[in-house]
Amino acid sequence: TFPLVMELVRRGCRVHYFLPPSEEMRSAARESGAVVEAFVEDDAPDFDLQACGSEDAGDGSDASLRVHTVWPLASTLIVGHHIIARCRELGVQAVLYDPMAPHGLLVAETLGVPCASLVTYPGIGSLADLIPDPKILELAKAIRRPYGLKIKEEFGVDLQDQLVSRLQYFSRVNLVTTSEDLMIPLPPVGQAEWADEARELFRFTPVGCMVSEEAPHVTGASKPAEALATASDFGRSMPLEELAAARARGAKVVYAALGTMALASRWSQDLGFQSGGNLPPGTTGKDFCQHVWRALFGAMRRLGEDHLCVLCVGTQPDALDFLEAS
C-alpha cells in the first residue's frame with residue numbers, strides 16, 4: 001500500500017494511515033508521505049487488533065475458528081468510536097481499507113463517504129481452495145452474529161456479517177492489486193454459495209501491480225534487528241556473480257520466494273486452520289517453508305549444473321537449521 005500512498009500524496013491528497021503500534025510500519029508510512037493515526041486514543045504500545053475478543057475463544061476444537069472470526073468485529077467495537085471521530089475531525093472524503101477487518105467500512109457507512117477495499121492477492125477466486133466446509137461457514141456466521149448485532153446497536157451500521165461471503169469485509173467496490181490476466185476467477189455459477197453471493201454483491205476491479213522500488217518495504221517481522229544479528233548471513237543482495245556465471249554457461253535460473261508473511265509474521269503460527277485444511281493442524285510457517293526448501297534442494301541436486309536456484313530465506317535465525325541434519 002505504500003506506493004499507493006506515495007502516488008496519492010504526489011497528486012496532492014492528504015493521506016492519514018491508521019496503523020497498529022509497530023514503529024517499523026509507522027516509519028515506512030511516514031516515509032511514504034502519510035500521517036500516521038492510532039487505532040485507539042491512548043495509542044497503547046501493547047494494543048493488538050488480532051487479540052481483541054480472544055478471551056471469548058475458549059479452548060474447544062473450534063477455538064482457532066473463533067479467534068479468526070471474532071477479532072475483526074471485536075476490534076471494531078473497541079476502536080470504532082475513536083476512528084470515526086478522528087475521520088470526522090479530519091474531514092475524510094474517501095476511505096481505502098484492508099478487508100480483513102470492517103473498520104474502514106464502518107467509517108465510510110457512518111460518514112457517508114465512498115470507500116474501497118484493497119485486495120492484495122489475485123482476487124477472491126484464489127481463496128476457493130481455502131474455503132472450509134459449508135458447515136464451518138454456517139458456524140462462522142453464528143459466531144459473528146452477536147458481535148454484528150452489537151455493532152449495529154452501537155453504531156447504527158449493518159456490516160452484513162450474516163452473509164456467507166463474509167470471508168472478508170469487502171465493499172461494493174474492491175481494487176485488486178494485480179493485472180486482469182493474473183486474477184483467479186471465481187468458481188462457476190452454482191458451484192459455491194459464497195462465490196455466487198460475492199459475484200452478485202461486490203465488484204472486483206484489477207488495477208495492476210503497485211510495486212515500486214521507491215516505496216519503503218516492511219516484513220512485519222518481530223525484532224528484525226535481532227533476527228538479522230543472529231541469522232546465518234548469506235547476504236541480502238542478489239548473487240549477481242553467480243547469476244552471470246549461470247547465464248554464461250546457459251543454465252536455467254529458478255527464483256524461489258515464499259513472501260514476507262510466511263517468513264516473518266507467520267513463522268511460528270499454526271497454519272492448519274488458516275490454510276483451510278490444506279496443511280495439517282500444528283504446521284507452522286517454519287515447517288511449511290522448510291518443507292518447500294527441502295523439496296527445492298532435492299530437485300536442484302537432481303537437475304545438476306544446468307540449473308541455478310536463488311532462494312529467499314528471510315532473516316529468521318533458525319531458517320536453515322534443517323540443513324544441519326541433511
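Predicted model: local features only at pLDDT ≥ 70, side-chain atom pairs only at ≥ 80, totals over all residues.
Trainee: OK. How many salt bridges does the structure hold?

Mentor: The structure holds 12 salt bridges.

Trainee: Why would two side chains pair up like that?

Mentor: Side chains can pair when they carry opposite charge and their charged atoms come close.

Trainee: Give me one with Arg249. Which residue does Arg249 form a salt bridge with?

Mentor: Arg249 forms a salt bridge with Glu305, and the closest N and O atoms are 3.9 Å apart. Arg249 lies in the loop between helix H8 (240-248) and E7, while Glu305 lies in the loop between helix H10 (285-303) and strand E8 (307-311), so the pair ties together parts that are 56 residues apart in sequence.

Trainee: Is Glu305 buried or exposed?

Mentor: Glu305 counts as exposed, at 61% relative accessibility. Arg249 counts as partly exposed, at 42%.

Trainee: And Asp321, what does its side chain meet in a salt bridge?

Mentor: The side chain of Asp321 meets that of Lys286, at 2.8 Å from N to O. Asp321 is in the segment after E8 and Lys286 is in helix H10, so this pair ties together parts 35 residues apart in sequence.

Trainee: Are those two buried or exposed?

Mentor: Lys286 counts as buried, because its relative accessibility is 19% and buried means under 20%. Asp321 is partly exposed, with a relative accessible area of 28%.

Trainee: Switching to the surface. Which residues gather in a patch of negative charge?

Mentor: Glu41, Asp42, Asp46 and Asp48 gather in that patch. Asp48 is in the loop between strand E2 (35-38) and helix H3 (63-90), and Asp48 is partly exposed, with a relative accessible area of 42%.

Trainee: I was looking at Asp43. What is its phi?

Mentor: The phi of Asp43 is near 50°, which is a positive value in a residue other than glycine. Asp43 sits in the loop between E2 and H3 and is partly exposed, with a relative accessible area of 29%.

Trainee: What about Gln160, what phi does that one have?

Mentor: Gln160 has a positive phi of about 55°, although it is not a glycine. Gln160 lies in the loop between H5 and strand E5 (173-176), and at 39% relative accessibility Gln160 counts as partly exposed.

Trainee: Which residues make the nonpolar surface patch?

Mentor: Met238, Leu240 and Tyr255 make a nonpolar patch of about 350 Å². Tyr255 lies in strand E7 (residues 252-256).

Trainee: Now the inside. Where is His103?

Mentor: His103 is in helix H4 (residues 103-111). His103 is buried, with a relative accessible area of 8%.

Trainee: What does His103 touch?

Mentor: Leaving out residues up to four places away in sequence, His103 touches Phe39, Leu49, Pro72, Ser75, Thr76, Val79 and Ile83.

Trainee: Which residues in H4 are buried?

Mentor: His103, Gly104, Leu105, Leu106, Val107 and Ala108 are buried in H4. The buried residues of H4 pack against H3, strand E3 (95-97), strand E4 (115-119) and helix H5 (134-155).

Trainee: Last one, Pro216. Where is it, and is it buried or exposed?

Mentor: Pro216 is in the loop between strand E6 (203-206) and helix H7 (224-230). Pro216 counts as buried, at 16% relative accessibility.

Trainee: What does Pro216 touch?

Mentor: Not counting residues up to four places away in sequence, Pro216 touches Phe2, Met6, Ala28, Glu31 and Ser32.

Trainee: And what separates the C-alpha atoms of Pro216 and Asp129?

Mentor: These C-alpha atoms are separated by 32 Å, and the two residues are 87 residues apart along the chain.

Terms used
Residues numbered from 1 in each chain as written. Heavy atoms only, no water. Patch = residues over 30% accessible without salt bridge, like charges linked within 9 Å, V, L, I, M, F, W, Y side chains within 5 Å. Areas by Shrake-Rupley, 256 points an atom, 1.4 Å probe, with all protein chains shown as cover. Salt bridge = Lys/Arg side-chain N within 4 Å of Asp/Glu carboxyl O. Helix = DSSP H or I, 4+ residues; strand = E, 2+ residues; numbered from the N terminus. Buried < 20%, exposed > 50% of the residue type's maximum accessible area, 1.4 Å probe, protein only. Lys, Arg positive; Asp, Glu negative; His and termini not counted. Charge placed at Lys NZ, Arg CZ, Asp CG, Glu CD. Contact = heavy atoms within 4.5 Å.
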